Amino acid sequence: MPKRGDIIIRSAETPAELHAFFRLAAETFALNALHSATRWQQHVECAPDYVPGQVRCAFVATTLVGGYILYERSMRVGFVTIPTGCFASLVTHPDWRGCGVATALMHDALARAIERRLGLILLDGIAGFYGRFGYVDVLDTTRHIINRAHLAAMPRSPYTVRPATLDDAPVLRDLYEQHYAGYCGSFVRTIARQRHDLALRLEENPQCLAYDDDGQACGYLILPSRAPGNRAIEAAADNWHAALALLQYHASIAREAAEIDWSLPPDSPTFYALADHLNLTSRSVHHPDEGWMARSAHLLTLLDCIRPLLDARRRSSGGAAFQLQIRDADVSLIVGEEANAPDLPTVALTPQALVQLLFGFRPAHWIARSPGMRIAPTILPTLDAIFPTGHAWIAGSDAF
């Protein structure tokens, strides 16, 4: 049994180390090990935003015993972006589980993010593990269920649907921007990134585009490569005809399914198009300490990034200026032009509370009730305006 000090964590340095990590990850996640490991490694290393060293591995002597990937992306919050570490593929070799490998990797991820001056770390996690490392829930997903029989009774959409090609990357990127860029949790996406992700899907499950009579693209659909095929990875439609065309195409692929299942923001145009024309059931999933979670990393970077957004929202609301302090960290931020005004009210938050407010996961008046907060009641209306709720969503194609 190794001691924790025997575990060395560093970036994978050789092709053999990289392949060993991806092989272990593929085996851990029950994929076809050799084929999936090679393909996965190529996809990561050939990505236009790949950063050498983002695959981190744990070693005992020369034996690779675990690892993770920390992708680096720019995440949107309102009109600002935050450099964000996207933590993924945490694995420990079966022979070394229970030896502190995963804990060591988690601590390394935070140190790596701080070294890289990333404001946040975001992950999609299993239940009951990540909270102990400072991560908090930031998003509950909502799925919309359409009965196949009801859909079958609808007339055929006048729009057409066809598989996308690599030449459609700009169109797909623009549709993604139109439908998802306004949500906290969306990422800045280049055409090169869109083309790279599209190429991965073309062989097994190409994305599909909906077109109107004038040949204008007005929606897209991404289906899974594995069962259950009735659950879309992502969908977006500009109007009802586009939504109906994509639904009917989806139903033709998932022939045995009694229901079609789309995950959509509950305030999205696509959802409104469905709800105005179909009987459907919406299900929001709430699993505390599980799913999409985040924590702060380099706090100065985070505060510098959000400063103009908080100032703009405060001005728009007409609220008072205040000093934002982060508890247990020697950092603070003045929100408002009255930086030299005496006796500014102080808002003292934990780093976890700040992250949940940024994502709009809980309102300020609820956060104020939590232990460790110090928020004057008079400033709560300003905080509720600065940190609106219900504006976060992570599109399926942004998963990592």
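I began with the spacing of domains and noted that the centres of domain 2 and domain 3, taken over C-alpha atoms, are separated by 37 Å. The domain assignment, which is automatic or from a database, gives domain 1 (7–137), domain 2 (142–285) and domain 3 (298–386).

I recorded that this is a predicted model, in which local features need pLDDT of at least 70, side-chain atom pairs count only at pLDDT 80 or more, and totals for chains, interfaces and linings use all residues. Residues are numbered from 1 along each chain as its sequence is written, and side-chain values use heavy atoms, without hydrogens and water.

Five of the six residues of β7 are buried, that is, under 20% relative accessible area with a 1.4 Å probe, protein chains only.

I then asked which strands pair with β7, where pairing requires at least two DSSP bridges. Strand β13 (residues 280–284) is antiparallel to β7 over five bridges, and Ile146 stands opposite Leu280. Strand β12 (residues 259–263) also runs antiparallel to β7, with five bridges, and Asn147 stands opposite Glu259.

Finally, I examined Leu354. Beyond its neighbours within four places in sequence, Leu354 is in contact (heavy atoms within 4.5 Å) with Leu302, Leu303, Ile306, Leu324, Ile326, Leu349 and Phe387.

Note on methods:
Buried < 20%, exposed > 50% of the residue type's maximum accessible area, 1.4 Å probe, protein only. Helix = DSSP H or I, 4+ residues; strand = E, 2+ residues; numbered from the N terminus.
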